[in-house]
Amino acid sequence: MMLRAWLGRTSRLMGFETAGGDRACDSLILTEVKEKLKKFQEQRHNPQTPLREMEFVVFDLETTGLYPFSGDTITSIGAVLIKNGEICPEHSFQELVNPGRPIPPLVTQITGIDNEMVAEADDFLTVFNRFLDFCGNRMLIAHNSDFDLAFINIQLKKALKTKFKPVILDTVVLAMALQPYRSSYTLDSLCTAWQIKTPLRHTALGDALITSRLFLTFLQEFQQRGIKTVGDLLSLLHWRNLL
């Protein structure tokens, strides 16, 4: 009870909500998010489209911790556009999110995000609404996407009783297709193996940019193996039981 009281008091002092979670979203945002999710889930990508001609959005989250089912929530969403086989840093998305709970000091040391920075930030659904606008109808890329989707879908289930279920090209899965016998598929180990530099590590936009570079490196290897279209790649992943 003492811990709960401290958390509640800290939340009030830092501008967070107390046990209720996210700041209340107005009905317009709830409606917009629901409509955009429906359109996103209904989108279809032409399997004949060359991978080099596709537009992708690579995204990443920062969170208050590693355990979404124990109350950890999102503190930042970052994303970047890939177009015609090139990263477009001028087309990027980076926003803080009010997590509705205090950020542990250790997490602040890792991510650089502290309680003061997020106290006046928008709630998750408001930021996620803008993130969906940024994504448009593009295919998504993430590293270890199950982790990110767990955080997103807990919030969506709470507010809208729905889930975000897009097609995501996960760089963990792509690495498994290229090198199935690796001992580690962490972002750091893959970047070391493929000689990808990792500036701004453990920031949402920084990790999205790192994942983008890794993805484009993988794309070159797939093309050398004759995997040239979206359909080619998805068929390979299905054949390998990776999707």
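Trainee: Which residues does Leu169 touch, not counting residues up to four places away in sequence?

Mentor: Start with the ground rules. This is a predicted model, in which local features need pLDDT of at least 70, side-chain atom pairs count only at pLDDT 80 or more, and totals for chains, interfaces and linings use all residues. Residues are numbered from 1 along each chain as its sequence is written, and side-chain values use heavy atoms, with hydrogens and water left out. Contact means heavy atoms within 4.5 Å. With residues up to four places away in sequence not counted, Leu169 touches Phe56, Met139, Leu140, Ile141, Ala142, Phe215, Leu233, Leu234 and Leu237.

Trainee: How many residues are in the largest nonpolar core, and which touch the most other members?

Mentor: The general idea first. In soluble globular proteins, nonpolar side chains tend to be buried together. A nonpolar core here is a set of buried Ala, Val, Leu, Ile, Met, Phe, Trp, Tyr and Cys residues joined through side-chain atoms within 4.5 Å. Buried means under 20% relative accessible area, exposed means over 50%, and partly exposed lies in between (1.4 Å probe, protein chains only). The largest core holds 36 residues, and Phe56, Leu169, Phe215, Phe218, Phe222 and Leu233 touch the most other members.

Trainee: Which elements give two or more residues to this core?

Mentor: Elements are DSSP runs numbered from the N terminus: helices are H or I of at least four residues, strands are E of at least two. The contributors are strand 1, strand 2, strand 4 (139-142), helix 7 (171-178), helix 8 (187-193), helix 9 (204-224) and helix 10 (230-239). Helix 9 gives the largest share, ten residues. Another core, of 29 residues, lies apart from this one; Ile74, Phe124, Leu132 and Leu140 are among its members.

Trainee: Is helix 7 largely enclosed or largely open, and why?

Mentor: Largely enclosed by the rest of the structure, because seven of its eight residues are buried. Those are Thr171, Val172, Val173, Leu174, Ala175, Ala177 and Leu178. Their cover includes strand 4, strand 5 (168-170), helix 8, helix 9 and helix 10.

Trainee: Which residue caps the N-terminal end of helix 7?

Mentor: Asp170 does, with a side-chain oxygen 2.8 Å from the backbone nitrogen of Val172.

Trainee: At what angle do helix 2 and helix 5 pack?

Mentor: Know the geometry first. Axes are lines fitted to C-alpha atoms, for helices over the stretch in contact, and angles run from 0 to 180 degrees between N-to-C directions. Helix 2 (residues 27-42) and helix 5 (residues 124-135) pack at about 35 degrees, with axes 10 Å apart. A crossing is left-handed if the near helix is turned anticlockwise from the far one by less than a right angle, and right-handed if clockwise. Helix 2 passes helix 5 in a left-handed crossing. Helix 2 brings Ile29, Leu30, Glu32, Val33, Lys36, Leu37 and Phe40 to the contact, and helix 5 brings Leu125, Thr126, Phe128, Asn129, Leu132, Asp133 and Cys135.

Trainee: How many disulfides are there?

Mentor: A disulfide is a covalent bond between the sulfur atoms of two cysteines. The test is a pair of cysteine sulfur atoms within 2.5 Å. The count comes to zero. Cys135 is buried at 0% relative accessibility, and Cys191 is buried at 1%.

Trainee: With which side chain does the side chain of Thr64 make a polar contact?

Mentor: A polar contact is a pair of N or O atoms within 3.5 Å; within protein, one must be able to donate a hydrogen and the other to accept it, and residues adjacent in sequence count only if both atoms are side-chain atoms. The partner of Thr64 is the side chain of Asp72, at 2.9 Å. Thr64 lies in the loop between strand 1 (55-63) and strand 2 (74-83). Thr64 is buried, with a relative accessible area of 1%.

Trainee: Where is Ser189, and is Ser189 buried or exposed?

Mentor: Ser189 is in helix 8 and counts as buried, at 17% relative accessibility. Its side chain makes a polar contact with the side chain of Ser184 (3.0 Å).

Trainee: What is the phi of Asn144?

Mentor: Near 55 degrees, a positive value in a residue other than glycine. Asn144 sits in the loop between strand 4 and helix 6 (145-160). His202 has a positive phi too, near 65 degrees, and lies in the loop between helix 8 and helix 9.
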